[in-house]
Amino acid sequence: MDRPARNEIENLIGEATIDRWEQLETAIDRQYEMDKYWNKGFGDWVYEYKYRKSGKTLCTFYAKQDVANLLIILGKTEREKFERQREYFSEELLTLYESTQIHYDGKWLWIPIDEKLSVEDILRMLK
């Protein structure tokens with residue numbers, strides 16, 4: 001699937017959220033050399049935008065009416081690393097992390113793309 005026009009995404013998730021989405025996207029692009037894939041979303045999600053390399057997903061953006069999230073899945077190794085570095089993360093991210101259930105393949109952190117979490121906090125999580 002080709003990248004949707006910016007105004008299509010903006011009409012879907014709102015002006016403030018598309019600005020935040022683009023900030024995150026730019027920051028990720030600067031730090032990582034990844035393959036990027038646009039797809040139709042599942043369920044209510046209209047769009048899915050994945051960052052992948054060598055068959056592994058770094059993160060995935062999801063968009064639906066008035067909502068945008070960034071999904072980061074932390075497996076056992078990533079959770080252990082996060083636990084060792086807790087002091088470097090904001091209270092908001094720690095609260096989200098603690099409230100996220102562990103599934104068979106890890107913690108699925110659905111991070112709202114809003115002003116509550118800093119871009120730096122999210123990038124630290126991706127490392």
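Reader: At what angle do the axes of helix α3 and helix α4 cross?
Author: This is a predicted model. Helix α3 covers residues 76-84, and helix α4 covers residues 91-99. Their axes come within 13 Å. They cross at roughly 140°.

Reader: Are α3 and α4 oblique or roughly antiparallel to each other?
Author: Roughly antiparallel needs an angle over 145 degrees. The axes of α3 and α4 cross at roughly 140°. The two helices are therefore oblique.

Reader: Which residues in α4 do R79, F82 and E83 in α3 meet?
Author: By class, the contact of α3 with α4 has 3 nonpolar, no polar and 3 charged residues. On the α3 side stand R79, F82 and E83. Their partners in α4 are L94, Y97 and E98.

Reader: Which residues touch the most other members of the largest nonpolar core?
Author: This core has 37 residues. Among the elements that give two or more residues to it are α1, α2 and β2. The residues that touch the most other members are W21, I28, F61, I72 and I111.

Reader: Leaving aside neighbours within four places in sequence, which residues is W21 in contact with?
Author: W21 belongs to the largest nonpolar core. Its close sequence neighbours, within four places, are left aside here. The contacts are then I13, W38, Y49, F61, Y62, A63, A68 and I113.

Reader: Is S54 buried or exposed?
Author: S54 sits in the loop between β2 and β3. Its phi is positive, about 50°, although S54 is not a glycine. Exposed means over 50% relative accessible area. S54 has 73% relative accessibility, so it counts as exposed.

Key. Residues are numbered from 1 along each chain as its sequence is written. This is a predicted model: local features need pLDDT of at least 70, side-chain atom pairs count only at pLDDT 80 or more; totals for chains, interfaces and linings use all residues. Side-chain values use heavy atoms; hydrogens and water are left out. Axes are lines fitted to C-alpha atoms, for helices over the stretch in contact, and angles run from 0 to 180 degrees between N-to-C directions. Helices (H or I, at least four residues) and strands (E, at least two) are DSSP runs, numbered from the N terminus. Angles under 35 degrees count as roughly parallel, over 145 as roughly antiparallel, 65 to 115 as roughly perpendicular and the rest as oblique. Contact means heavy atoms within 4.5 Å. Ala, Val, Leu, Ile, Met, Phe, Trp, Tyr, Cys and Pro count as nonpolar, Asp, Glu, Lys and Arg as charged, and the others, Gly among them, as polar. A nonpolar core is a set of buried Ala, Val, Leu, Ile, Met, Phe, Trp, Tyr and Cys residues joined through side-chain atoms within 4.5 Å. Buried means under 20% relative accessible area, exposed over 50%, partly exposed in between (1.4 Å probe, protein chains only).
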